[in-house]
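Thanks for asking me to look this one over. Here are a few notes to read alongside the model.

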Amino acid sequence: MNMWAIIPLISSLTFAVLVVLVLQQAKRRVDKVFALFLAASALWSFTSFMLVYNPSSPHLLFWNSMVIVTIPWAAVCYYHFVRAYNNKPGGIFLYIGYALVLVVLGFGLSGNIVKDAYFVNGFLHHDIGLWPYIIGIILAPFLIAAMLMLVQRYRSSTDPNDRNRTMYLIAGSGIAMAVTYINPFTPALAGLPTDHLGNLANALIIAYAIQRYQLLNIRLVARRGLTYFLVLISLVGTYVGALFLGQRFLPELPLYITLLLTSALVLLLVLLARPLRHFVQELIDRFFYRETYQYRQALLTFSRKMGNIINLDELASEMLPAVTKALNIEHSKLLFEDVNSGDFTTQFTYPEVEEDSNDKLRLNVDSPIIAWLEKEAEPLDLGRIDRIPELKGLWQTEKEKLADMEILCPIKSEGRLIGILALGKKQQGKVYSHEDVELVVGMASQASILIENARLYAQATIRANTDGLTDLYNHRHFHERLEQEIARGSRFGSMFSLIMLDIDLFKAYNDIYGHLAGDEVLRKIGRYIEGSIRNIDLAFRYGGEEFAIILPETRIDAAAKVAERMRKAIESKTSSRTMPITVSIGIASWPTDGVMKEEIIARADAALYRAKQAGRNRTCLSSELDKPETSKISAELETRPRALSIIYALAATVDAKDHYTYGHSRKVSDYSVAMAEALDLPQDRIATIRAASLLHDIGKVGIPDSILSKEGPLTDKEWEPVKIHPKLGVEILRHIIDLVNCLPAILHHHEHYDGRGYPSGLKGDSIPLEGRILAIADAYDAMTSPRPYREQLPPQSALEELRRCAGTQFDPELVELFCILIESATSSRLEIK
């Protein structure tokens, strides 16, 4: 028996088994045609086995002819299978193919193909004339057409699973064609049945591709295969090279030394295999994914990196950018269930865009899509909606909502749908690969636990911050949010208003109608308050029958309109039996009525008390209160040591924001006082200039540190908070009676002598004298001190710059006076640096 007969024997037996397995479940046309292809391949392998099995058989010519006949039959059957796989009918070209097979069969049986056949040392030698070329010409159109159909299907398909399956078939046919055409034209392989290996590999790949529901990602297989191949080549090459060098340069080493060194080298290579594999794998992955590699790695390790995050906003801000950039898609969205309606609504989007509530993606709770995602454990390719029976009844309006989306990936926890990851279309019109979908599914599986934990934490936080009766925020959260608003206002120079609302005669109402009726009134008022304010406004149940509302970015006059609208709505809509329900309202504004939390609450409460005293069912502003000495908060506000200590502490805080400005206010005060004394101003005016100089930058508490410490020029947007800091400083200081005289200097110390300064654009002598003095002292110290955006100037250069800007930015007479003082200063009371 010729040992080469083993190859076609194994191939024929494998094909026979595949035929039986496929026929057992051949319900589709593609399965039946595939069985026909397997049968033709089995016959080809069997005839090849019979040819090679007994080299001295008298039937060599017959079996050789049958081998040549079955080759085009298998090729035409493969073409037939590809047409069936693409849901195409046979067509005239297929009939021509089978007719050519019959023609070749006729020539073979008549003995017109093989003239002579014999074996020499296991290699077949035969005289078949031009038939190899004739068979090749017959095979080529069918194999090329089959390959083109597979490539066309791969390029036109948008289903990742279908594309992956088709890629398997392309790889299998490529292997088969390469081996089939290489075999007869390679001297070392000519006459051997190695072409059966290619056909067998193709058949096994096809069987795996069309029978398995979920396929291994072929790109993953290719990457892993390439990795192990390169690692193996590297290790084997290192080992062989070491042995070669040892034999070449150390030929006389004893055998046991050679064995020990070889063993050590093997051990070293084993230790190096794992890190080398990781290194090679990373290089290959970087080559495959290029700029998206880092984002894909982030998705693969999502749960490990995000495991300590329980805030849903932070989780989404990490998840969506990584998904969008890793897959190179236009946008992505996270949809979660609305607690009230049960619908799944868009709560997070990347990139963030301003969307009207009506434009946001929303899937109704009774939508077939929700039912499908609940039932299935796989992403929904929206391009396949019309081919899924459960989704054929989808309304056109629902399809239009999903027009810019490509895939909906369910996020489940314990079998329950808790969220939906909606993925937009690929950039540059590309389509999702099977690996893309697997990556998203894996990430969604990891994220489900994190999202569920974050949602539970968010719900617990909401419950902790929510009043159980009215569903408004509670008293504890009121103080948290008020502190946040004060911090935000201090940093960015914004303002807000606070409304305190109290139900009139509510105790009497409870006594008459009972506490259950009173609870219902509280709930109604809570709803009316929410209906009267904006989405950015915050409503709280402060305690008992008292409510509080924070109105960000709202002046007190605008807050009064909101309060009146609220009061009238409650009066008109809330009534019970014979007793009407009314409310009294007090309003205060930050920072006008105080810079501390206690101050703003006390002023609003005092205004509320005033509304009660004035007859109830009315709104009172803090500005309508009596003089401070008549108010219970007045004593605290008028306590000079405490108030001034707070203000000067704030001034020190501004100086300490970074090391560049430390001590700036003190030096500006020294320079300004020296100028005031040189002008022989009264002592009370000098004291005012001293205090104004110390506090001139207090409004900078509202400027972000990133702007104050920026290296280089500011943008127009960055200049906006800088230009309003004098106004913010005035807002902070205006309620301190002893500092009222300082306000003009603080407000106008950035005005220019030619009228081009800010905030009011004053010109010449219309700028207060204190402001003109302060402007020169401030500019000189800024120039002679180090700053992040430039190097400090020597005193003489700073004086030359002041003289250059005299008449445009600064008062020319005051500039000359200041320069004389600096140049001739010898007194220790003015420190010149």
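The points below take up a helix pair and then a pocket.

1. A word on the source before anything else: this is a predicted model, and the remarks here should be read as comments on that prediction.

2. Let's begin with the helix pair. Helix α4 covers residues 91-109 and helix α5 covers residues 131-156; their axes lie 11 Å apart, at an angle of about 165°. Because angles over 145 degrees count as roughly antiparallel, α4 is roughly antiparallel to α5. The crossing of the two, α4 and α5, is left-handed.

3. Which residues in α4 and α5 meet? From α4 come F93, G97, L100, V104 and F107, and from α5 come W131, I135, I138, P141 and F142. Sorted by class, this contact of α4 with α5 holds nine nonpolar residues and one polar residue, with no charged ones.

4. Now for the largest pocket, which has a volume of about 1800 Å³. Its lining is made up of 37 residues, and those closest to the pocket centre are V339, Q347, A458, I462 and Y473.

5. Which elements give two or more residues to that lining? They are the helices α12 (312-327), α15 (434-465) and α16 (475-492), together with the strands β4 (344-350) and β10 (538-543). The largest share is that of α15, with eight residues.

6. For the contact of α4 with α5, by comparison, the count of charged residues is none.

Notes:
Residues numbered from 1 in each chain as written. Predicted model: local features only at pLDDT ≥ 70, side-chain atom pairs only at ≥ 80, totals over all residues. Heavy atoms only, no water. Axes fitted to C-alpha atoms, helices over the stretch in contact; angles between N-to-C directions. Helix = DSSP H or I, 4+ residues; strand = E, 2+ residues; numbered from the N terminus. Parallel < 35°, antiparallel > 145°, perpendicular 65-115°, else oblique. Left-handed = near helix turned anticlockwise from the far one by under 90°. Contact = heavy atoms within 4.5 Å. Nonpolar A, V, L, I, M, F, W, Y, C, P; charged D, E, K, R; others polar. 1 Å grid on protein atoms, 1.4 Å probe; cavity = no way out; pocket = protein on both sides within 12 Å on 5 of 7 lines; lining within 4 Å. Points joined across faces, edges and corners; volume = space filled by probe spheres on them.
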